[in-house]
Amino acid sequence: MEGILDLLNSDLGKQIVSGVAGSTGTDTNKTSSVLTMALPVLMKGMERNASSPEGAAGLLNALNNKHDGSILDNLSGLFNGGVDDRVKQDGAGILGHILGGKQNGVQQVIGQKSGLDADTVGNILKIAAPLVMGYLGKQKNNQNIANSGDLTGLLGGLLGGNSAKSEQNFLEQILDADGDGSVVDDVAGMLLGGNKKSGGGLGGMLGGLFGK
């Protein structure tokens, strides 16, 4: 199974990066960096939420209804003239559900590494979140997933089920950032210190961004 970061390397992903950058007035390369860091974090957050029966049922319901993947079928229409405020409001709701009180901390860490302020990162994520949900909805439909166990497996597969422990630790730590500065600084310090272990896929892309 292709991972979530493979999406950004595809033609669809390049269209998403370009559209999000244009909609937020942000440099394309920095937008790509933000999305490369944020997409695994959002997917990991969904995986954690789906670990409970209630969380899995809620996510399945969302994917079966509002987030069935149709948003990805007309990206030119979505980005032409600026993204509709309803999409951004939907994205804000998704981020609040996935990240909760950790959202500010996550945005700060990603902002530090991408060279953008946390508010700009937040604007990018508001547009990206419904697209990530749409991508997950398409994958769910393609694989005929109808129960929480299979959904958890799908999320793990999109994260790269065999990711190195250090990468999983990073995703856990960034999700535990609470915005009070100390945890954010610790995580940023870990990233700036780098990880000497080489790897491909998720590890290679994250490691490259985080100064391996």
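Accessible areas here come from the Shrake-Rupley method with a 1.4 Å probe, and for residues only the protein chains shown count as cover. In this predicted model, local features need pLDDT of at least 70 and side-chain atom pairs count only at pLDDT 80 or more, while totals for chains, interfaces and linings use all residues. Residues are numbered from 1 along each chain as its sequence is written, and side-chain values use heavy atoms, with hydrogens and water left out.

**View 1**
Let's start with the overall picture: the protein has 12 helices and zero strands (DSSP runs, H or I of at least four residues for helices and E of at least two for strands, numbered from the N terminus). The order from the N terminus is therefore simple to write down, as α-α-α-α-α-α-α-α-α-α-α-α. Of the 212 residues, 47% are buried (under 20% relative accessible area; exposed is over 50%, and partly exposed lies in between, with a 1.4 Å probe and protein chains only). The accessible surface comes to about 9,500 Å², and carbon and sulfur atoms own 45% of that. Among contacts (heavy atoms within 4.5 Å) between residues at least 6 apart in sequence, 75% join residues at least 24 apart.

**View 1. Helix 2 packs against helix 8.**
Here helix 2 (residues 11–24) meets helix 8 (residues 118–142) at an angle of about 140°, with their axes 9 Å apart (axes are lines fitted to C-alpha atoms over the stretch in contact, and angles run from 0 to 180 degrees between N-to-C directions). Helix 2 contributes Ile16, Val20, Ser23 and Thr24 to the contact, and helix 8 brings Asn123, Ile124, Ile127 and Leu131. Sorted by class, that makes five nonpolar, three polar and no charged residues (Ala, Val, Leu, Ile, Met, Phe, Trp, Tyr, Cys and Pro count as nonpolar, Asp, Glu, Lys and Arg as charged, and the others, Gly among them, as polar).

**View 2. Thr31 sits in helix 3.**
Helix 3 spans residues 28–49 and includes Thr31. Is Thr31 buried or exposed? Its relative accessible area is 0%, so Thr31 is buried. Beyond residues up to four places away in sequence, Thr31 touches Val17, Val20, Ala21, Thr26 and Ile124.

**View 3. Met43 belongs to the largest nonpolar core.**
This core holds 54 residues, and Met43, Met46, Leu59 and Leu136 touch the most other members (a core is a set of buried Ala, Val, Leu, Ile, Met, Phe, Trp, Tyr and Cys residues joined through side-chain atoms within 4.5 Å). Helix 8 gives the most to the core, with 11 residues. Leaving out residues up to four places away in sequence, Met43 has Ile4, Val132, Leu136, Leu155, Leu158 and Leu159 as its contacts.

Gly101 lies in the loop between helix 6 (85–99) and helix 7 (103–114).

**View 4. Thr152 meets Glu47 and Ala50.**
Thr152 lies in helix 9 and is partly exposed, at a relative accessible area of 30%. Setting aside neighbours within four places in sequence, Thr152 is in contact with Glu47 and Ala50. Thr152 and Ala50 are 102 residues apart in sequence and 6.6 Å apart in space, C-alpha to C-alpha.
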